[in-house]
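Hello,

Here is the structure I promised to pass on to you. Please have a look at it first, and then read my notes below.

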2 protein chains.
Amino acid sequence: MTTYAGPRTTAPSTLARCRATVEPALRAAVESLHPQPRRMASFSFGWCDADGTPTAGPGGKGVRQALAVLATEAVGAPAEPGVAAAVAVELIHTFSLVHDDVMDGDERRRHRDTVWKAFGTGPAVLAGDALFALGVQTLAGAGGQHGAEAVGRLAGTLGDLVHGQADDLLFESRPWTGPGAVGIPEYRAMADRKTGALLGCAMTLGPVLAGAAPPVVAALSEAGRRLGLAFQAVDDLLGIWGDPRTTGKPVHSDLRRRKKTLPVLAAMALDSTAAEHLTRLLGSPEPLSSADAAAASAIVEAAGGREFTMEDARRHVTAAYDCLDSVRLVEGARDELVALSAYLLERRV
Amino acid sequence: MTTYAGPRTTAPSTLARCRATVEPALRAAVESLHPQPRRMASFSFGWCDADGTPTAGPGGKGVRQALAVLATEAVGAPAEPGVAAAVAVELIHTFSLVHDDVMDGDERRRHRDTVWKAFGTGPAVLAGDALFALGVQTLAGAGGQHGAEAVGRLAGTLGDLVHGQADDLLFESRPWTGPGAVGIPEYRAMADRKTGALLGCAMTLGPVLAGAAPPVVAALSEAGRRLGLAFQAVDDLLGIWGDPRTTGKPVHSDLRRRKKTLPVLAAMALDSTAAEHLTRLLGSPEPLSSADAAAASAIVEAAGGREFTMEDARRHVTAAYDCLDSVRLVEGARDELVALSAYLLERRV
């Protein structure tokens with residue numbers, strides 16, 4: 001059990017430090033792209049407006065790059081492999097956001113238009129492809145003795161991402177009840193592929209490039225996957241109860257879209273009366289009204305779906321701590337990883 | 001200079017032999033995909049209809065897989081690295097077709113609906129991503145001492161493909177004349193990235209995996225790039241003068257779409273009167289009528305654009321022969337490469 005007396009620094013300052021470490025290399029990588037996908041990539045990182053005007057927007061939270069940097073520090077390796085890993089993982093993450101927004105038809109992300117909304121569907125497909133290719137190129141170019149193993153791991157993660165997204169899309173067309181319904185184990189397997197795999201990869205690539213011992217790599221990988229599951233659970237909570245002013249998404253957004261997320265699946269599993277009500281509300285083909293979305297959110301909460309999901313997230317973070325405790329890591333970096341993990345549970349955005 | 005007395009076999013039988021060598025591994029790789037992208041991938045390889053019913057359709061010509069197998073045989077290596085290279089390259093090629101059809105809005109390919117037309121845009125984006133990821137995974141999994149170098153080369157090719165496609169898309173919005181017009185050198189640079197890079201990669205990956213000497217790899221790479229330029233030139237000819245019954249595309253298809261292809265750019269460079277006529281016909285924003293497309297094709301031919309392009313293709317194939325002659329290769333495989341190259345010049349589909 002981690003006895004955790006307080007970090008040498010807070011999670012927001014860790015995120016800022018890691019961003020400052022990674023951003024020059026990330027910008028240099030994006031700079032190598034053809035001007036058209038470069039513009040779209042810069043837009044999706046929050047570096048410019050759609051017309052190319054530089055912005056000081058925060059972009060994403062930068063969780064993946066921070067995990068890549070911290071995990072590499074935690075094995076006592078120099079900064080370079082961590083930066084290469086972070087750049088590759090941020091590029092692949094952004095590729096998946098850009099393409100997922102096309103597939104899901106989402107128009108807003110991080111308080112601005114999505115790439116397809118701002119530039120068109122065809123260009124957004126190209127921008128995603130460019131980010132994908134650049135991510136693989138970056139890691140393949142990091143080279144060294146362990147380059148092949150790192151690229152192999154990234155390739156496996158790419159397969160997981162696609163598989164998870166395919167499941168997530170299919171879940172939408174499946175029933176809420178009956179034999180074809182989506183169960184919680186199946187939901188977790190999807191979330192592990194769609195979110196867990198890339199966080200596990202983020203915490204592994206730098207250490208692999210640096211030649212860390214296999215048991216250490218395995219522990220960091222599992223810690224990352226667990227943090228990914230926790231991250232997805234919190235995302236699911238924010239998708240229903242998040243504040244639109246901070247999330248940038250409409251209130252009850254996932255319920256309006258009838259998305260099969262953990263809080264709803266848990267509520268239905270925990271309470272058969274709630275399940276009947278929710279199936280009636282969410283199973284209808286008509287658009288969900290604000291009142292119905294509010295009613296559904298109250299039913300999910302009363303049935304225990306919100307608390308179940310929060311508890312699930314906590315459980316995964318605890319499991320991640322256990323993984324970090326199971327191997328010998330550099331203490332300062334490990335403490336920052338722990339603080340960042342706790343922060344991920346409490347995030348509002 | 002290649003003294004070429006006739007191949008031990010004809011190009012169509014070489015294509016069939018290489019297809020038979022590669023297809024089991026290609027099918028096994030596709031079989032590992034999630035069922036939804038697997039169905040779309042199988043459809044795009046011509047193995048099944050949109051509803052999953054198996055078909056005996058020929059799919060593509062299989063030029064890239066044949067080049068991968070033959071180049072590997074030509075360096076005296078065992079079959080395995082050639083098959084891994086062929087599978088990776090066919091997957092990446094098919095990824096690019098699926099996504100390019102989304103970006104270009106093309107509805108027909110190989111006498112059937114394109115993937116986005118048959119399954120929808122979002123699913124087609126996912127199918128392309130799945131093929132892309134699987135291509136990288138396949139090569140990363142081929143491993144061995146030279147796996148990292150092979151993956152690095154594939155990653156560079158992915159960057160080229162995206163860059164070439166971005167140029168090709170931008171060419172459409174650029175003027176036919178004046179300072180912003182697309183010149184022939186710029187067109188060649190685009191074609192080298194969009195088509196040459198992957199053919200060069202196809203002829204390189206197997207030899208690299210097998211540890212072939214760098215000068216041999218360099219010669220095969222250049223031969224493949226030249227064949228790619230020839231291939232693209234012939235594609236441009238078929239896009240205007242191809243028989244719709246064999247190409248599966250409408251007559252004068254590239255002219256109707258006002259595509260900036262080599263025959264048109266050459267005609268405009270060779271004959272200023274033709275340039276004026278063509279600018280008037282192709283520069284108008286209205287859809288091109290059948291009569292106008294036929295007139296444009298006649299102008300391009302009379303101005304010498306057709307012959308220029310055919311001569312360009314021949315020149316690139318001769319350069320490819322010179323590359324093959326510059327290094328020591330296994331004779332039978334080299335002869336098949338030469339016969340296949342000649343066949344690519346004469347193809348009607």
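**A helix pair in chain A**

In a left-handed crossing, H9(A) passes H15(A); a crossing has this hand if the near helix is turned anticlockwise from the far one by less than a right angle, and is right-handed if clockwise. The contact includes Ala219(A), Leu227(A) and Trp241(A) of H9(A), and Arg306(A), His316(A) and Leu324(A) of H15(A). By type, the residues of this contact divide into 16 nonpolar, 2 polar and 5 charged. Here Ala, Val, Leu, Ile, Met, Phe, Trp, Tyr, Cys and Pro count as nonpolar, Asp, Glu, Lys and Arg as charged, and the others, Gly among them, as polar.

H9 covers residues 214-241 and H15 residues 305-325 of chain A, and the two pack at an angle of about 160 degrees with their axes 8 Å apart. The axes are lines fitted to C-alpha atoms over the stretch in contact, with angles from 0 to 180 degrees between N-to-C directions. H9(A) and H15(A) are therefore roughly antiparallel to each other (the term applies to angles over 145 degrees).

Before going on, please note that this is a predicted model: local features need pLDDT of at least 70, side-chain atom pairs count only at pLDDT 80 or more, and totals for chains, interfaces and linings use all residues. Residues are numbered from 1 along each chain as its sequence is written, while chains are lettered from A and ligands numbered from 1 in the order in which they are written.

**Chain A as a whole**

Chain A has 16 helices and 2 strands, which are DSSP runs numbered from the N terminus (helices H or I, at least four residues; strands E, at least two). Its C-alpha trace spans about 55 × 50 × 35 Å along the principal axes.

**How the two chains meet**

Chain A can be laid on chain B with an RMSD of 0.0 Å by a turn of 180 degrees and a shift of 0.0 Å along the axis. That is the relation of a two-fold axis. The copies were superposed by least squares on the C-alpha atoms of residues with pLDDT of at least 70 in both. Ala148(A) is the residue of chain A that comes closest to the rotation axis, at 2.2 Å (C-alpha).

Best wishes

Notes: Parallel < 35°, antiparallel > 145°, perpendicular 65-115°, else oblique. Contact = placed C-beta atoms within 7 Å.
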